[in-house]
Amino acid sequence: MQYRTLGRTGIKVSPYALGTLMFATSISNLDPADSARVLHKALDAGINFVDTADAYGDSEEIVGQALKGRRDHVVLATKFGRPVGEDPNQRGTSRRWIMTAVENSLRRLQTDYIDLYQVHRVDPSTDVEETLSALSDLIRSGKVRAIGSSNTPASEIVEAQWVAERRGLTRFHTEQPVYSLLNRGIEAEVLPVAQRYGLGTLVWGPLGQGLLTGDRKSVE
């Protein structure tokens with residue numbers, strides 16, 4: 001396995017990451033033991049990058065259990081921001097929610113730190129300075145090693161970089177956009193911006209949600 005640097009963090013990751021949305025028993029896999037076998041198979045093949053999210057049902061719990069004894073050899077990424085409950089404050093990117101969400105994820109993942117903590121969706125109701133300030137504090141505390149964004153328009157990626165520079169805050173190190181032969185929209189602006197700022201790009205949906213496997217047909 002040839003490893004790459006995650007943005008400019010210095011963290012070495014495999015060119016393939018294991019996404020764990022389908023580990024959630026409410027979404028796909030009803031047997032956590034099967035999910036653990038998939039994860040262990042990936043690690044044995046040299047994949048050291050695992051990505052999950054607090055909004056993926058019980059995926060974080062399953063990943064945390066499966067990584068027992070192997071956590072130190074894995075670059076573990078998770079995300080926050082999407083609703084995880086009925087309470088209107090159990091979502092978004094406010095400092096109030098970030099500080100609660102990270103503790104919840106750490107507990108479910110059974111770990112002391114998260115290698116890459118990502119904003120799952122842009123939160124227009126929260127100033128990006130507040131978000132970056134809270135995330136910077138998490139990095140200083142040692143609970144988070146690097147931060148990133150997901151599904152973010154190019155203009156807002158640029159704004160976040162400017163705010164981080166002006167305010168002396170930790171900047172986003174990665175962006176996680178959707179990208180496949182069926183969806184190449186990020187080539188126009190997002191990829192050039194990511195390259196300009198040295199962001200690692202973690203694409204999701206590279207098989208077009210299954211359409212490029214040949215096993216599914218699009219419905220018009």
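Q: What should I know about the numbering and the model before I start?
A: Residues are counted from 1 along each chain as its sequence is written, and side-chain values use heavy atoms, with hydrogens and water left out. The model is predicted, so local features need pLDDT of at least 70 and side-chain atom pairs count only at pLDDT 80 or more, while totals for chains, interfaces and linings use all residues.

Q: Where is Asp 115 found, and is it buried or exposed?
A: Helices (H or I, at least four residues) and strands (E, at least two) are DSSP runs, numbered from the N terminus. Buried means under 20% relative accessible area, exposed means over 50%, and partly exposed is in between (1.4 Å probe, protein chains only). Here, Asp 115 is found in strand S6, residues 114–119, and it's buried, with a relative accessible area of 9%.

Q: Which residues is Asp 115 in contact with?
A: Contact means heavy atoms within 4.5 Å. Leave aside the neighbours within four places in sequence, and Asp 115 is in contact with Ile 11, Arg 71, Val 74, Val 75, Leu 76, Arg 145 and Ala 146. Look at Leu 76 again: its backbone nitrogen lies 2.8 Å from a polar atom of the Asp 115 side chain.

Q: How do I read helix H6, and which of its residues are buried?
A: In H6 (residues 190–197), Val 190, Val 193, Ala 194 and Tyr 197 are buried. Seen that way, these buried residues fall within an arc of 100° (taken from the directions from the helix axis to the C-beta atoms), so they line one face of the helix. The face turned away from the buried side carries the exposed residues Gln 195 and Arg 196.

Q: What covers the buried residues of H6, and what follows the helix?
A: The cover includes H5, strand S8 (174–176) and S9. After H6 comes Gly 198, whose phi is positive, near 70°.

Q: Which residues have a positive phi although they are not a glycine?
A: Gln 110 is one of them, with a phi of about 55°. You'll find Gln 110 in the loop between helix H3 (95–109) and S6, where it is partly exposed at 42% relative accessible area. Asn 151 also has a positive phi of about 55°. Asn 151 sits in the loop between strand S7 (144–150) and H5, and at 24% relative accessibility it counts as partly exposed.

Q: How much space lies in the largest pocket, and what lines that pocket?
A: Rolling a probe the size of a water molecule over the atoms shows where empty space is left. On a 1 Å grid over the protein atoms alone, a pocket is an open set of points where a 1.4 Å probe fits, with protein on both sides within 12 Å along at least five of seven lines, and lining residues have an atom within 4 Å of a point. In this model, about 1100 Å³ of space lies in the largest pocket. Its lining has 35 residues, and those nearest the centre are Gln 176, Val 203, Trp 204, Gly 205 and Pro 206. Strands S1 (4–5), S3 (18–19), S4 (49–51) and S9 (200–201) each supply at least two lining residues.

Q: How much space lies in the second largest pocket?
A: About 330 Å³. Of the 20 residues lining the second largest pocket, Val 122, Asp 123, Thr 126, Val 128 and Glu 156 are the closest to its centre. The largest share of that lining, 7 residues, comes from H5.

Methods
A polar contact is a pair of N or O atoms within 3.5 Å; within protein, one must be able to donate a hydrogen and the other to accept it, and residues adjacent in sequence count only if both atoms are side-chain atoms. Grid points are joined across faces, edges and corners, and a volume is the space filled by probe spheres set on the points.
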